[in-house]
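These are my notebook entries on one protein model. I set down what I looked up, entry by entry.

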Amino acid sequence: MTITKQLHTPPRTIMTPGPVEADPRVLRALGTPILGQFDPAFTHIMNETMEMLRELFQTKNKWAFPVDGTSRAGIEAVLASVVEPGDKVFVPIFGRFGYLLTEIAERYGADVHNIECEWGEVFDPETVIHEIKKVNPKIVAMVHGETSTGRMQRLKEIGAACRNQDVLFIVDAVATIGGTDVKVDEWNIDALIAGTQKCLSVPSGMAPITYNDRIEKIIMERKKVEKGIATKADAQTVRLRPNIISNYFDLSQLQDYWSERRLNHHTEATSMLYALREGLRVILEEGLEERFARHRLHEKALVAGIKAMGLSLFGDEHSKVPTVTCVLIPPGIDGETVRSTLLEQFGIEIASSFGPMHGKIWRIGTMGYSCRKDNVLFTLAGLEAVLIRNGASVNAGAALQAALEVYEEEVALSSL
C-alpha cells in the first residue's frame with residue numbers, strides 16, 4: 001500500500017475572478033469543532049448568519065440563507081423552485097452566465113426568450129424594459145456582474161419595470177456581492193443569488209440566496225414534504241401548483257430547515273457555515289461602503305498599471321465591473337504561455353476566458369481578500385516580466401509607477 005504524503009499546497013497569489021484567496025480568519029473558522037445540526041449552539045449560528053446576510057444583501061426579506069453547493073447550486077435552487085413547465089422566462093445575455101441561466105430554466109421546462117448583445121457590452125435598460133413589455137414573461141432572470149466579459153449591468157430601472165408589470169426579477173450577483181453595491185430591496189429584486197468564493201473571501205461550497213414574499217408565495221403553493229418526515233398536516237396540504245421537481249434544490253423544504261421548525265432536509269455543511277459566518281463578520285466589520293471603496297481603489301491602480309504598461313482593456317469601460325479587469329492579449333503573444341509562466345515562476349494565477357473570448361483576453365480579479373495593494377503591485381510586476389520574457393513590447397517600469405501614483409494620491413486625499 002502506498003502511503004501518500006501529508007497535504008501540502010503551494011503558495012499562490014490568486015488574481016482570478018474566482019476562487020480568490022480565503023481570508024485567514026475564515027480559514028481559522030474552518031477548524032472550529034463540529035456541532036450537531038440541531039444543537040442550539042449551531043442553530044444560533046444559523047440565525048446569526050441569516051441576519052448578517054440580510055445586511056449584506058441590503059434587504060428586509062425574511063429568507064436569506066445559504067444553499068449548500070457552489071454558486072450554481074443557488075441559481076438552480078431558485079429557478080427550480082419558481083419555474084414551472086411552460087413558464088415564460090426572459091433572459092438577456094451579455095456573456096457566458098446568461099447562457100447558464102437559460103440552460104437551467106430550460107431544463108425545468110421554461111419557455112425561454114433571449115436577447116443578446118456583443119460580449120464586452122451591456123444592455124441599455126430601456127432595451128430590456130421594451131422586451132419585457134413585448135414578451136410579458138413570468139420571470140426576468142439576469143446576471144449583474146458577468147465575469148466572462150468583465151461587464152456590469154444596470155439593474156435598478158429593470159427591477160422597477162418588473163415590479164410595475166408584476167414580473168419576477170431574479171438576479172445572479174455571484175461576482176458582485178460584497179465587492180460593489182447591490183441593493184436588493186431598493187432595486188426591486190425578488191430573488192438574488194450570491195457565491196462564497198469571490199468577494200466574500202470564503203472557499204467555494206455555499207451559495208447565499210435571498211428572496212421575498214412574492215417568490216415565497218409560489219414556493220409554498222408547490223410545497224411537498226418528504227413522506228418519511230411529513231406530519232399528518234403536511235400530508236393533507238393541497239398543492240395549488242405542480243411539485244418542485246428537484247428534491248435537493250426544493251426551497252420549500254430548505255425553508256423548513258432554516259426556520260424555527262428545523263425540519264431536517266440534509267445535513268448542513270457545518271464547517272462551511274462557520275466559514276461563511278466569519279466571512280460575513282469580516283465584511284460587516286469593514287463596512288459595506290468602505291469595502292466597496294477598497295475594491296474601487298485597487299481596481300483603479302490595476303487599470304492604471306495595465307494601461308501604463310502599454311496594454312489595452314477589453315470592453316466598454318463605462319460598464320466595467322469593479323471586481324474583474326479584462327485585458328486584451330497583445331498580438332503575437334500566446335496567452336496561455338504567459339499564464340503558465342506567471343504561475344510557475346511567480347505563483348500568480350490570472351484567468352483566461354470562455355467561448356468567443358477564449359485566447360483573446362486575460363481576466364484579472366480584484367475580489368475580497370485578494371483585493372490588496374501588495375497583490376496588485378506583485379501582479380503588475382510579474383506580468384510585465386513575463387511579457388518581456390515572451391518578446392512583447394511593453395513600457396518597462398511604467399506599470400508599477402502608475403499604480404503607485406494611484407496609491408499615493410489616495411493617501412494624500414485621505415489626509416485632507
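**Entry 1**

I began with K307, which counts as partly exposed at 41% relative accessibility. I use buried for under 20% relative accessible area, exposed for over 50%, and partly exposed for in between (1.4 Å probe, protein chains only). The model is predicted, so I noted that local features need pLDDT of at least 70, that side-chain atom pairs count only at pLDDT 80 or more, and that totals for chains, interfaces and linings use all residues. Residues are numbered from 1 along each chain as its sequence is written, and side-chain values use heavy atoms, with hydrogens and water left out.

Which residue does K307 meet in a salt bridge? I found E317, at 3.1 Å from N to O. I take a salt bridge as a side-chain nitrogen of Lys or Arg within 4 Å of a carboxyl oxygen of Asp or Glu. K307 lies in helix 11 (residues 288-309) and E317 in the loop between helix 11 and strand 11 (324-328), so the pair ties together parts that are ten residues apart in sequence. I read helices (H or I, at least four residues) and strands (E, at least two) as DSSP runs, numbered from the N terminus. E317 is partly exposed as well, at 44% relative accessibility.

**Entry 2: other salt bridges**

I counted 29 salt bridges by this rule. In one of them, D256 meets R261 at 3.3 Å, N to O. D256 is buried at 9% relative accessibility, whereas R261 is partly exposed at 35%. I also looked up K183, whose salt bridge is with D181, the closest N and O atoms being 3.3 Å apart. K183 is buried, with a relative accessible area of 18%.

**Entry 3: the sheet**

What is the order of the strands in the seven-stranded open sheet? I read 2-10-9-8-5-3-4, with mixed pairing. Two strands pair if DSSP finds at least two bridges between them.

I then followed strand 2 to strand 10 (residues 206-211): the two run antiparallel and are joined by six bridges. A64 has T210 of strand 10 as its bridge partner. Helix 4 (residues 96-107) packs on the sheet and touches strand 3 (88-93), strand 4, strand 5 (139-143) and strand 8 (168-172). The direction of helix 4 makes about 165° with that of strand 3. Contact here means heavy atoms within 4.5 Å.

**Entry 4: helix 7**

Which residues of helix 7 (residues 213-221) are buried? I noted I215, I218, I219 and E221. Their cover includes helix 3 (71-82), strand 8, strand 9 (191-193), strand 10 and helix 9 (251-258).

**Entry 5: aromatic pairs**

I found ten aromatic pairs. Rings of Phe, Tyr and Trp (its six-membered ring) pair if their centres lie within 6.5 Å; planes under 30 degrees apart count as stacked, over 60 as edge-to-face and the rest as tilted. F42 and Y274 form an edge-to-face pair, 6.3 Å centre to centre with 75° between the planes. F42 lies in helix 2 (residues 40-57) and Y274 in helix 10 (residues 270-286), so the pair ties together parts 232 residues apart in sequence. F42 is buried at 0% relative accessible area, and Y274 is buried at 6%. W63, F65, Y211 and W258 form one aromatic cluster.

**Entry 6: backbone**

The peptide bond from G18 to P19 is cis, with omega near 0°. D166 has a positive phi, near 60°, and is not a glycine. D166 is exposed, at 59% relative accessibility.

Technical notes:
Axes are lines fitted to C-alpha atoms, for helices over the stretch in contact, and angles run from 0 to 180 degrees between N-to-C directions.
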